[in-house]
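User: I have a protein model open and want to learn how to read it. Can we go through it feature by feature?

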Amino acid sequence: MQITEEMSMNIIEELNGNIENIALKLRGFIRDQVTGFKKKGIVIGVSGGIDSAVALTLCVQELGKENVHGLLLPEEESAPSSKTLGAEICESLGVSYEEVPISPILRSLNIYDKKEQIIKRVCPEYDIRIHKTSLVLPDFLNTGSLNVPYIRLVKNNETIGKYRLKATDYLELIGLQGVKQRSRMLVQYMYAETLNYAVCGTTNKTEVVLGQFVKYGDGGVDLEPLADCYKTQVYALGRYLDINKEIMKRPPSADTWSHYTTDEEFYWRMPIQIMDQMLYAQEHQLPLQVIEKSTGLSRETIEKAQKHIHRIRNNTEYIRAAPPVCYINR
């Protein structure tokens, strides 16, 4: 289709269209992969978020509740609502599920102690008994391209301080946090191999394109049904599948900090509707005029956002790539 300035294309409408057929295709994909792997069913980590809720529902619809097993994998810094909402959707679908806390694994590796030491070094007044913390980046659309991460200190749900992180502290924190996702995947494979099930991933296309997943953590699965669906489309699927409204309105988050930190605050640095429109426009090479009309952003802001996305993709190329292999006979 040739796009001209006069065409009144709306990117959000394009993303939200044809959801019934998308759901049908996703269910067929799940069936084909499980059959192809010669597995009996699916193990899936259920976080109480929209991605795992949609993936779980599609698996149940295609394979039957008796062939799907949910795992709730909380840790000390998980939001209580994660476990509650995860259990609720499993029960509403009639799926067998278990709760397997990963805190013992993390404590055995001193993850919490190491994290606390870094935060105390950055925020001397930090007291784990009264403060919660989160790792955030400045809002891109309102503050520009400044890319300085900081620790937010929270007391009684109010921010009482923000502290800039050195690059070395930031990298160490990211390494410690990644152990959480990798521990969850370890548990999922333990159950999957015992049951002769496949591990179903819940990463969406927005996350795949941006490298917003942990290598060999939430990125280490047997199948990824949602990996070609932008986050906006996952929400549309949630509406179509009649997912619990509490899950639908819950802000997306990796849920690895004691203060619930949304993906918009840390990773995207802009509303998901804007990010997805930018990525969709990039994928389909839409002209600037269409993006302006669809997003309501100025040309200058759009161009800055495009550069921001380009930087993210460059920085995460190693996450998205398969391990290079040295072929000695080529």
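Analyst: We will take strands, a helix, an aromatic pair and a record in turn. Keep in mind that this is a predicted model.

User: Let's start with strands. In which sense do S2 and S3 pair?

Analyst: Look at strand direction and at the bridges. S2 (residues 68-72) and S3 (residues 96-99) are parallel, with 4 bridges between them.

User: How does S4 run relative to S5, parallel or antiparallel?

Analyst: Antiparallel. S4 joins S5 (residues 150-155) through 5 bridges. One of the links runs from Thr133 to its partner in S5, Leu153. Check the cover too: in S4 (residues 132-136), 4 of the 5 residues are buried.

User: Now a helix. Which residues of H14 are buried?

Analyst: First, the general idea. An α-helix has 3.6 residues a turn, so residues three or four places apart point the same way. Now the case. In H14 (residues 288-295), the buried residues are Leu288, Val290, Ile291, Ser294 and Thr295. Viewed down the axis of H14, they fall within an arc of 160°, so they line one face of the helix.

User: What do the buried residues of H14 pack against?

Analyst: Three helices: H1 (11-16), H13 (272-283) and H15 (299-315). Then look just after H14, where Gly296 has a positive phi of about 75°.

User: How do I read an aromatic pair?

Analyst: A pair of aromatic rings is described by the distance of the centres and the angle of the planes. Here the count is 1 aromatic pair. Tyr230 and Tyr280 sit edge-to-face, 6.4 Å centre to centre, with 65° between the planes.

User: Where do Tyr230 and Tyr280 lie?

Analyst: Tyr230 is in the loop between H9 (205-210) and H10 (231-240), and Tyr280 is in H13, so the pair ties together parts 50 residues apart in sequence. Both Tyr230 and Tyr280 are buried.

User: Last, where does UniProt place the NAD/GMP synthase domain?

Analyst: An unreviewed UniProt entry puts that domain feature at residues 25-110 and 172-311. Read each span separately. Residues 25-110 are 53% helix and 15% strand, with end C-alpha atoms 43 Å apart. Residues 172-311 are 59% helix and 1% strand, and their end C-alpha atoms lie 21 Å apart.

Note on methods: Residues numbered from 1 in each chain as written. Predicted model: local features only at pLDDT ≥ 70, side-chain atom pairs only at ≥ 80, totals over all residues. Heavy atoms only, no water. Pairing = 2+ DSSP bridges. Helix = DSSP H or I, 4+ residues; strand = E, 2+ residues; numbered from the N terminus. Buried < 20%, exposed > 50% of the residue type's maximum accessible area, 1.4 Å probe, protein only. Arc of directions from axis to C-beta. Contact = heavy atoms within 4.5 Å. UniProt positions renumbered as here; feature names shortened; annotations may be inferred. Phe/Tyr/Trp six-rings, centres within 6.5 Å; stacked < 30°, edge-to-face > 60°.
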